[in-house]
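My notes follow in the order I took them.

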Amino acid sequence: MHIAVYPGSFDPVTNGHLDIIERASKLCDKLIVAVLDNPSKMPMFTVEERVKHLELILKDKPDIEVRSFSGLLVDFAKSVGSNIVVRGLRGVTDFSYEFQMALTNRSLDSDIETLFISADTQYLFFSSSQVKEIALFGGNIDNMVPRIIKDEIYKKVVKTQGMQKSGGI
Ligand code: ADP
């Protein structure tokens with residue numbers, strides 16, 4: 001059985017991520033979407049919230065599992081019986097970083113193969129950070145994220161702004 005792992009921050013998950021998930025899941029028997037628990041990145045959503053979003057969105061896909069992980073990706077992949085890492089590529093900027101990550105992962109574990117999937121042109125300019133920035137200024141993110149998490153993003157933005165005003169963060 002071919003198990004692939006698609007790791008990322010997914011803070012928040014965008015329609016670009018979902019396109020990669022959909023396409024990657026057709027290439028393997030089981031796809032594990034692995035949400036990185038890295039508090040030093042100061043995420044907008046906690047890892048539990050990000051896992052919950054993905055589970056909600058992917059609830060009707062039996063071949064896709066959502067997990068969180070911390071530490072080395074190669075260790076997580078091994079622990080779930082996978083040696084295939086999926087990453088999305090939006091262009092040359094992604095490529096230099098992703099290529100370096102792929103080589104690093106192979107140097108840590110020579111069994112690991114990274115599978116790059118090119119972004120669909122309609123999602124080429126979507127990123128989690130762009131979604132957060134647009135939401136922060138009250139812009140329209142309708143075509144960038146799944147409908148069911150849109151309100152959660154606006155709510156979180158309002159909460160974060162409130163905390164900043166009161167000196168909370
Ligand atoms: P990370 O912090 O690990 O880069 P992200 O959640 O930003 O996590 O991205 C996870 C993966 O999804 C990366 O391989 C990234 O290049 C890819 N990705 C992000 N946005 C898109 C998009 N719009 N289309 C295709 N791939 C994307």
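I started at Leu103, which sits in helix 4, residues 92-108. I kept in mind that this is a predicted model.

Next I looked up the surface patch. Leu103 makes a nonpolar patch of about 280 Å² together with Phe95 and Phe99. I checked the other two members as well. Phe95 is partly exposed at 37% relative accessibility, and Phe99 is partly exposed too, at 40%. Phe95 and Phe99 are four residues apart in helix 4, so about one helical turn separates them.

**Aromatic pairs**

How many aromatic pairs does a search of the whole structure find? I got four. One of them is Phe95 with Phe99: the ring centres are 5.2 Å apart and the planes lie at 15°, so I noted the pair as stacked. I also looked at Tyr123 and Phe126, whose ring centres are 5.6 Å apart with the planes at 65°, so that pair goes down as edge-to-face. Both Tyr123 and Phe126 are buried.

**The cores**

Then I went inside. The largest nonpolar core has 33 residues. Those with the most contacts inside it include Ile21, Leu31, Val33 and Ile153. Which elements supply at least two residues each? I listed strand 1 (3-8), strand 2 (30-36), strand 3 (64-69) and strand 4 (84-89), plus helix 1 (15-25), helix 2 (47-57), helix 5 (128-136) and helix 6 (147-165). Helix 1 gives the largest share of this core, four residues.

Setting aside neighbours within four places in sequence, Ile153 is in contact with Pro12, Phe45, Val131, Ala135, Ile141 and Val145. There is also a second, separate core of 12 residues, and I found Phe69, Val80, Val85 and Ile112 among its members.

**Val47**

Last stop was Val47, in helix 2. I have Val47 as buried, because its relative accessible area is 8% and the cut-off is under 20%. What does Val47 contact, leaving aside its neighbours within four places in sequence? I wrote down Val35, Leu36, Asp37 and Ser68. Val35 is 12 residues from Val47 in sequence, and their C-alpha atoms are 6.9 Å apart in space.

Methods: Residues are numbered from 1 along each chain as its sequence is written. This is a predicted model: local features need pLDDT of at least 70, side-chain atom pairs count only at pLDDT 80 or more; totals for chains, interfaces and linings use all residues. Side-chain values use heavy atoms; hydrogens and water are left out. A nonpolar core is a set of buried Ala, Val, Leu, Ile, Met, Phe, Trp, Tyr and Cys residues joined through side-chain atoms within 4.5 Å. Buried means under 20% relative accessible area, exposed over 50%, partly exposed in between (1.4 Å probe, protein chains only). Contact means heavy atoms within 4.5 Å. Patches are made of residues with over 30% relative accessible area and no salt bridge: like charges are joined within 9 Å, nonpolar side chains (Val, Leu, Ile, Met, Phe, Trp, Tyr) within 5 Å. Accessible areas come from the Shrake-Rupley method with a 1.4 Å probe; for residues, only the protein chains shown count as cover. A salt bridge is a side-chain nitrogen of Lys or Arg within 4 Å of a carboxyl oxygen of Asp or Glu. Rings of Phe, Tyr and Trp (its six-membered ring) pair if their centres lie within 6.5 Å; planes under 30 degrees apart count as stacked, over 60 as edge-to-face and the rest as tilted.
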